[in-house]
Amino acid sequence: MSTPTIWIFLPIAVSILLMAVHRLHKLSVWIAALSSLLFAAAAFIFPQDLDFSMFGRHFHFDSTFMILNRSLILSASQLRFVSLLYFFSFLWNLTGLQFSTSRWFPTISLAITALWVSALAVEPFLYAAAIVELIVLISTLLITPRGEPASSGVLRYLVTQTIALPFILLSGWMVAGIESAPIASALVLRGTILILIGFALWLAVFPFHTFLPMLAGKSHPLVFGFVFLMQQSSLWVFLLKFLDQFAWLRNLEGIFPALQWIGVLTLLAGGILASLQSKVNRILAYLVMTETGCALLGIGLIAQGGGAFLALSFLPRALAYWQWSYTLSSIQKIAPEVDGSFDSLRGLFRRLPFHSASLILSMLSLLGLPAFGIFPAKRMLWNIGAGLTLPYTPLLSLAVAGMSLFILRLLRALVTPEPNTPSSSLLIQREEPAWQIILLCALTLFSLLMGIFPHLFLNPFMETLGAFSELMPPN
Amino acid sequence: MIIFGILGLLLLPAIALTISQAIKPSFARSWFIAIAGASLAWLGAFFLRLYLPMEVELVRWQPESLYHTAIGLRVDYTNWHYLVAILALCVAVILTDSSRLSSNTSPASWAAILALTDLNLISVMSRAPLTMAVIWAITDLVELFYLLITLPSPDTKGKIATLYGVRLISTFVLVAATAMGWQVTAGLDFTQIPPTASLLFLIAAGLRLGVLPLNFPMQQTLELKPGTELLLRFSPVVSALVLIAHLPPEILVLNQSLVSIISTLTVLAALYASAMWLTRANANEGRPYWIVALSAFALRCALNSQPEHSYVWGMALLLSGGVLFLFDPPIRRIRFIPLLGLLGLLGLPYTLAASGWSALLGDGVNAAGIAMILCHAMLVGGYLRYILEANSTVTGLEKYARITYPLGLILLIQAMLVLNLAGWYDARLMETWWGSVASLGLVLFGALLTNRLGIRLTSQEIKEKIPFYRLWERILSVLRDIFSLDWLYASARWLFALLEKASAFLRLILEGEAGMLWSFLFLLIMAILIYTQVGQL
C-alpha cells in the first residue's frame, strides 16, 4: 500500500462510485463529505515515518507509486497540505445539501481534490501542468450554471488556463539540463519568464484576472469559492515546488523581488477594483485576487519569513471564503430577489441581521482585522513589509484601503433601507432559522478563536510547507 | 488576580442580569445586581492602587521566535487613573439612569453598560499595542452591531457605518504603527514604543478621537438612553487617550514639517471644537465638541513632548464631562454639584488639572499656547453656561431617585478629589499657574462683557447686540463649513463617482468580446519587453 493510493486513487474511486449515485443527491453529498473528512483526518494524523501498528500488526506505507513510468510521490511532509485540501472539500460538500448547486458537485469536487493532490505528487513535476489542465476542464462543468450554456467567462477561463500550459511545459523543455549553465545565461532568463507568465495566467494575476469577476458574477458563490480556493492554494504550493526544485530559478537575481512586485500589484489591483464594485457576487473574485497578491508577496519574501504567512493563512482564508460563499448563497436562497447589486441589498440588515453581519465579518476577517483568524498571518506579512526599503507600504495601504472602502459601502447598503420605507418596517424582522444563526455565530467565534489563539489552531499547519527544504531550511 | 476580579465583577453581573431578566424579571433585583457589581469593581480599582504596577499575561503565542507576541494586561501609574474614571462613570451612569423618568431605563441597558465597561477596561489595561488593536477591533464591532440593532432610524444607521469606517482606519493605522515599531523591538509593549513609530501611534489615536482629521461622524443619537450613549461615546476615547499617554516624549525628533502640520491641525481642531462647545444650545448637543477639544489638548501634550501629562486632560474629559452630561434633567436646586465638576477642568494650582498646563503650553509663550488658553477659556465658559442655564424643576421623582441621582454626580466629583489627592504627585505642584489664571481671566472678561451687553448666546437678541453680527455669522458659517470637512467628503464622492465610471468603461473593454485580445496585447507587450531584456544580455 502507498500513500498515493490512499489520497489519490481511493478518492478517485469514490468519485467514480459517486457518479453512479449522483441522482441520489443527499446520499452522494454525505458520501463525498464524509469520505473527504476521513481522508483529511487520516492525512492529518498519519505518522511522519509512514509506519504504524494497529491491532498488533505492523503497517508500512510507501510514499511512491509508479504509473506509466512516472512516479507519484506523497511524502509525510506533504500530508499536512493534503489534509487541508480534503478538509476544504469536506466543508464545501457539507453545505452542498442546502443549496441547488450542480448535482455533480460531490463527484467532481472529490475528483478535483484528488487531482490537485496528484498534481503536487507527480514526478517529474512538470507533468503537473497537464493535470492542472485536466482539473480546469473538469471544473468548467461545475462553474457553468445549471441549464445554461457556457458563458464568456467560462470560455475565457478555459482559454487563459490553456495558454498557461505550454508556457510551463516549454520552460521545462527549454531549461532541461540547465543546472550546469552559468546563472545569468539568456536561457535561464527565458525559462524564468516563461514560468512567471505561466503562473501569472494560472493564478489570474493582474492583468490576466478578467475571467475571475466574469465567472464570479455568473457562478454559484459556493462553487466559485471552492474551485478557486483549491486552485490558488495548490498553485501557490506548486510555485514553491518550482522554486525549491530549480536551483537556477531560486538563485536568479531579481526573481524574489519580481514576485514581490507582482504580488503587490495584484493586491493593489484587487483592492482598488473591489472598492469600485457594486455587485457582491463579483467581489469574491477580487478577494481571490488580493489573496493571490498576498501569497505572491509572501513567496517573494520567503527568505524574510514569508513562508510562515503562507502556512498560517491556508485554514483561516478557506474558512473566510466558506463563510462568505455560504452566507451569500443563503441570502440568495432566503431572498431570491437579491441579485447581488447594492440596490437589491438595501436594508437587508433589517430582514437578515445575522447574514448581513456574517458577510461583513467574513470580509473583515480576510482583510486581516485584528482578532480574526487570518490576522496573525497577515500581521507577519505587514511586519516584514514594513522593514523593507522598497516602497511597498503605500501600495499595500492603498490596497487595504480599497478593500475597506468596499466593506463600508456594503455595510452602508445593508443597513440603509430605501428612502420611502415605512417606519413600521424599519424594526428588525428576523427571517433566519435559529440553526443558521447558530452556525454563522459559531463560524465567527471560531475565526475569533483562531485569531486570538493561533498557536493552538494554526501551528499544526506550520508543517504544511515542510517539504520545501531548499527554500525554507529547517531551523 | 485583582484584575480578573474587577473584570469578573462587571462581566458576571451582566450575565446574571440577562439570565435573571429572562427567567423572572425584577427591576429592583436587577438594579441591585448591577450597582453591586459596578461598585465593588470600582472599590477594587482603589485596592489595585496598592499593587501597582501589576501585569497579567493572558496568552502567549508560541513559538516565541515566530510570533513574538503575548496578549496581556498591565495596570501602571499611567492607566490606573483611567481605570478608576471608567468605573466611576459606570457606577454613576447606573445610579443616574434609573432616576430619569424620560429615559425608560431597563435592566438590559445596565447589562450592556457593564459589558461595555468591561471591554473598555481591557482596552485601557492593554499591555501592548497589539493587544489594544485586538480589543479595539472587538469593541468596535460590538458597538457597531449593538447600535445597528438598537437604533431604528435609517439616517443614524448610515452615520454608524461612517463612524465604524473611521474606527476601522484607526485600527489599521495602529497595526501599521505596531509593524513600524517592531522593526526596532520585536514584540514591543507600550514601554518600548520607538520615536520612529510614535507619530503613527499618535495619528491612530487622533483618528479615534476625531481630531486628526477633524471628524464628527455621529453627533448624537437621541434614540439611545443618555447614560448608555455617554459610555458609548467615551469608550473609544478612553483607550485612545491611554495610547497617547503611553507615547514616548521624542515625537519632535521626527519629520519636522509633518509634526508642524499635525500640530497646526490639532490647534485648529481645538479652537473650532471649543468655539462650537461654547455656542451650542445645550450640553448634550455640545458633547462631541467637548470630546474633540479636550482630546486635542491631550494630543498637544504629546506634541509638546509631555505625553505622560495628557491624562490630566483625559480625566477632565471623562470626569468633569461625565458630571455635566449626566446632569440630566438639569435640576436648578442641585446645580452646585456639577459646578464642583469644574475642579477637574480649571487647572488652578493644587487641583487635578494643574500639571496639565505645562504640557499644554509647552516651552514659553507662543501662538499655539495662546490659542490653547483661549480654547480652555471657551470650554470653561461653556461649562459654566450650561450649568447656570439649568432651570428644570422635576416633580414626582421616586424617593430612591432623590438619593441616587445626586449620588451618581457626587461619586464622580469624589473620584476627582481622590485622584487629586492620591492620583499623582504633579497635581500638588505650582507649575505654569498663569495658564489657568489667564484662562479664568478671559472667562471673567467674557462673562462681564456678555452681562454688560445683556447677551445670551442662544437668545435672539444677540443679532442686534453684537456689532457686525451678520459679518461674524458669515465668517463662523464659512469656518463651520470648512471644519465640518463636508467639502472634502463631497470631493471624495465626486472623485469616486468619476473613478466608478472609468472602472465601468475599463470593465466593458476587458470583459467585452475583445477582452481576450487585450490580454494578448498585454502578453505581446510583455514579450517585447522580455525580448529587449534578453537581447541586452
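Reply: Let's begin inside chain B. Leaving aside its neighbours within four places in sequence, Ala88(B) is in contact (C-beta atoms, placed from the backbone, within 7 Å) with Trp42(B), Leu411(B), Leu412(B) and Ala415(B). Keep in mind that this is a predicted model, where local features need pLDDT of at least 70 and side-chain atom pairs count only at pLDDT 80 or more, while totals for chains, interfaces and linings use all residues. As for the labels, residues are numbered from 1 along each chain as its sequence is written, while chains are lettered from A and ligands numbered from 1 in the order in which they are written.

Me: Which residues have the most contacts inside the largest nonpolar core?

Reply: Ala88(B) is one of them, along with Leu83(B), Leu87(B), Ile244(B) and Ala293(B). The core has 335 residues. A nonpolar core is a set of buried Ala, Val, Leu, Ile, Met, Phe, Trp, Tyr and Cys residues joined through C-beta atoms within 7 Å. A residue counts as buried if 20 or more other C-beta atoms lie within 10 Å of its own, exposed if 12 or fewer, and partly exposed in between.

Me: What do I look at to get the overall build of chain A?

Reply: Start with its elements: chain A has 20 helices and five strands. Helices (H or I, at least four residues) and strands (E, at least two) are DSSP runs, numbered from the N terminus. Then check the radius of gyration, taken over C-alpha atoms, against the globule rule of 2.2 Å times the number of residues to the power 0.38. With 475 residues, a compact globule would come out near 23 Å, and chain A has 22 Å, so the two agree. Buried residues make up 55% of chain A. Among contacts in chain A with a separation of 6 or more, 80% join residues 24 or more positions apart.

Me: How do I read a sheet?

Reply: Strands of a sheet pair through backbone hydrogen bonds, either parallel or antiparallel. Here, pairing takes at least two DSSP bridges between two strands. Chain A has an open sheet of three strands in the order S3-S4-S5, with antiparallel pairing. Its edge strands, each pairing on one side only, are strand S3 (64-67) and strand S5 (122-123) of chain A.

Me: How many bridges join S3(A) to S4(A)?

Reply: Four, and the two strands run antiparallel, with S4(A) covering residues 70-73. Met66(A) stands opposite Ser71(A), and Phe65(A) has Leu72(A) as its bridge partner. The hairpin of S3(A) and S4(A) has two residues between the strands, and Leu68(A) takes a positive phi near 50 degrees there. S4(A) and S5(A) pair over two bridges, with Leu72(A) opposite Val122(A).

Me: Which domains does chain A have?

Reply: Domain bounds come from an automatic or database domain assignment. For chain A, that assignment gives domain 1 (1-123) and domain 2 (228-465). Their C-alpha centres lie 27 Å apart. The contact between these domains takes 15 residues from each of them. On the domain 1 side, helix H3 (76-96) and helix H4 (105-121) of chain A each give two or more residues. H3(A) gives the largest share, nine residues.

Me: Where do chains A and B meet, and what does that side of chain B hold?

Reply: Each chain gives 41 residues to the contact. On the chain B side, elements giving two or more residues include strand S1 (54-61), helix H6 (129-150) and helix H7 (154-182) of chain B. The largest share, 14 residues, comes from H7(B). That side divides into 30 nonpolar, eight polar and three charged residues. In this sorting, Ala, Val, Leu, Ile, Met, Phe, Trp, Tyr, Cys and Pro count as nonpolar, Asp, Glu, Lys and Arg as charged, and the others, Gly among them, as polar.

Conventions
Two residues are in contact if their C-beta atoms, placed from the backbone, lie within 7 Å.
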